[in-house]
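Subject: Structure handover and notes

Hello,

The structure is below, followed by my notes on what was found in it. Please read them with the coordinates open.

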Amino acid sequence: MLAVLASVIFLFGGFTLSIPKGVEVDGVAVGGLTRQEAACVLRQNIENDLKGKTLEVRGGRKIYTFKFPEIYYKDNIYTLLKNAKKGDKLCADVSYYLCGLNSIAPNICRNESVSVTEPYAKFSSFSTPFSYFEGNDGKLADEKKLIEDIKASLNGGFEPVTLSYNIVKRQKNMSEVKKATRLLCTFTTYFDGSNINRTSNIRLAAGKINGTVLESGKTLSFNDIVGARVKERGFLPAKIIEKGEFIEGVGGGVCQVSTTLYNAALLSGLEIKEYHPHSLAVSYVPPSRDAMVSGTYFDLKISNPYPSPVYIRANTVNGSVTFSIYGYDDGTEYSVSSEVTGTIPAPEESCDSPEKAKAGKDGMTSESYITVTRGGYKKTVRLRKDKYNPVKRVVYSAPAEEGEICDENGENAPEN
């Protein structure tokens, strides 16, 4: 304890010792003052001078200013006073620093850096499919140089510091963007535009698909996008297939939309993850090229195998529904064909009234094939095999004396 007490007395006693006569520090006469008094005078002068100074950091977006006490200082005044001798003319060594510089500099750089914007395309559901934008190079503010320049300014003449940048070049070019947004396929099916309910259902379902962007590796669910086909959502009664017959049902015509999309997807090189054939053949596509949807259990699911998104547009006009698919063009060509491989005769029965007569239709078996042409090589593989049931014929048999049998009449009702 005596040793500690002696050290304290020596320290504070030394700081209260008078400075020899004739000593000047930075032109200020401090002879005869205690070291503490002299240090206070000299440091007050330093602070008064510092209060009149400002550090400016000039960025591209704003100017950052710093003043005392954000700017502070270090000195060697105590050492000078301790070692001063009579008549010494001394100069204090003062250095300035910005408090919290290692956190201030990164914040400035984050605020002032400009992210690179790669060339890109903006997709539209209507009018021109894509608008193209060149993007811009980025600017990354140089944090290391900013710290160095701030230190140099503070210990120089407090000159303004101008932020330096490193340019970040765009990695893509517009030709790559356009290659990823080319028209891969357009496919159209036709229907009776005078059938108001069916037309409305087709337009409503196609409109929900229109504008869909399917990201790389993702899968589209027709049922998820279109939703339940119920009156509360705007769907109307029209012909559908149920239990092997064409009957009135809410949402008739929606299957034509899913079928049109299915064919467009095949011809665009997309992957079909789920599809279902109708139980009866439909008239708007060849056999083995249909895709029935119903409720939540029978869905059409399509996956995007390309390295960039695919863009889907749908248009319903003048008794037709068209799907156009845009995406990455790798030069591959696709074509789809089908053939009937067998006929299933329709059963027939007689009726006793012309009003009960119904036109039937033979069933069939069929297959479809896809041909892929890539790099000059062509390969054809079977897509699917299907069986479509026949529709029973009901024939009116006239009484024997009349000698007449009613002809088959009427056309098949539109398929959902």
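An open sheet is formed by three strands in the order E22-E24-E25, with antiparallel pairing. Strand E22 (333-344) and strand E25 (377-388) are the edge strands, each pairing on one side only. On average, neighbouring strands of this sheet are turned by 20° against each other, direction ignored. Axes are lines fitted to C-alpha atoms, for helices over the stretch in contact, and angles run from 0 to 180 degrees between N-to-C directions. E22 is joined to strand E24 (residues 363-374) by 11 bridges, and the two run antiparallel. Valine 340 has serine 366 in E24 as its bridge partner.

This is a predicted model, in which local features need pLDDT of at least 70 and side-chain atom pairs count only at pLDDT 80 or more, while totals for chains, interfaces and linings use all residues. Residues are numbered from 1 along each chain as its sequence is written, and side-chain values use heavy atoms, with hydrogens and water left out.

Helix H9 (residues 254-267) lies across E22, E24 and E25 and runs at about 130° to E22. H9 has 14 residues and reaches 20 Å from its first C-alpha to its last, close to the 20 Å expected at 1.5 Å a residue; the expected span is 1.5 Å times one less than the number of residues. Of the 14 residues of H9, 14 are buried, so the helix is largely enclosed by the rest of the structure. Buried means under 20% relative accessible area, exposed over 50%, and partly exposed in between (1.4 Å probe, protein chains only). Just after H9, glycine 269 takes a positive phi of about 85°.

The largest nonpolar core has 41 residues, of which Phe222, Leu261, Leu300 and Phe323 touch the most other members. Such a core is a set of buried Ala, Val, Leu, Ile, Met, Phe, Trp, Tyr and Cys residues joined through side-chain atoms within 4.5 Å. Elements that each supply at least two residues of this core include strand E13 (182-190), helix H7 (196-209), H9 and E24. H9 gives the largest share, nine residues. Leaving aside neighbours within four places in sequence, leucine 261 is in contact (heavy atoms within 4.5 Å) with Ile209, Leu220, Phe222, Leu300, Ile302, Ile312 and Phe323. Apart from this core lies another of 36 residues, among them Ile46, Leu80, Leu98 and Val161.

Helix H2 (residues 35-51) has 17 residues and reaches 24 Å from first C-alpha to last, close to the 24 Å expected at 1.5 Å a residue. Its buried residues are Arg35, Ala38, Ala39, Leu42, Ile46, Glu47 and Leu50. Seen down the axis of H2, these fall within an arc of 160°, so they line one face of the helix; the arc is that of the directions from the helix axis to the C-beta atoms.

Strand E3 (residues 55-58) has Leu55 and Val57 on a covered face and Glu56 and Arg58 on an uncovered one. E3 and E4 form a hairpin with four residues between them. Four bridges join E3 to strand E4 (residues 63-66), and the two run antiparallel; valine 57 is partnered by tyrosine 64 in E4. E3 also runs parallel to strand E11 (residues 161-162), to which two bridges join it, and arginine 58 stands opposite threonine 162 in E11.

Some backbone details are worth a look. Most residues other than glycine have a negative phi, and most peptide bonds are trans.

- The peptide bond from phenylalanine 68 to proline 69 is cis, with omega near 10°; proline 69 is in the loop between E4 and strand E5 (71-75).
- Serine 127 has a positive phi near 55° and lies in the loop between strand E8 (120-123) and strand E9 (130-133). It counts as exposed at 66% relative accessibility.
- Serine 288 has a positive phi of about 65° and is found in the loop between strand E18 (271-274) and E19. It is buried, with a relative accessible area of 1%.

Regards

Methods
Two strands pair if DSSP finds at least two bridges between them.
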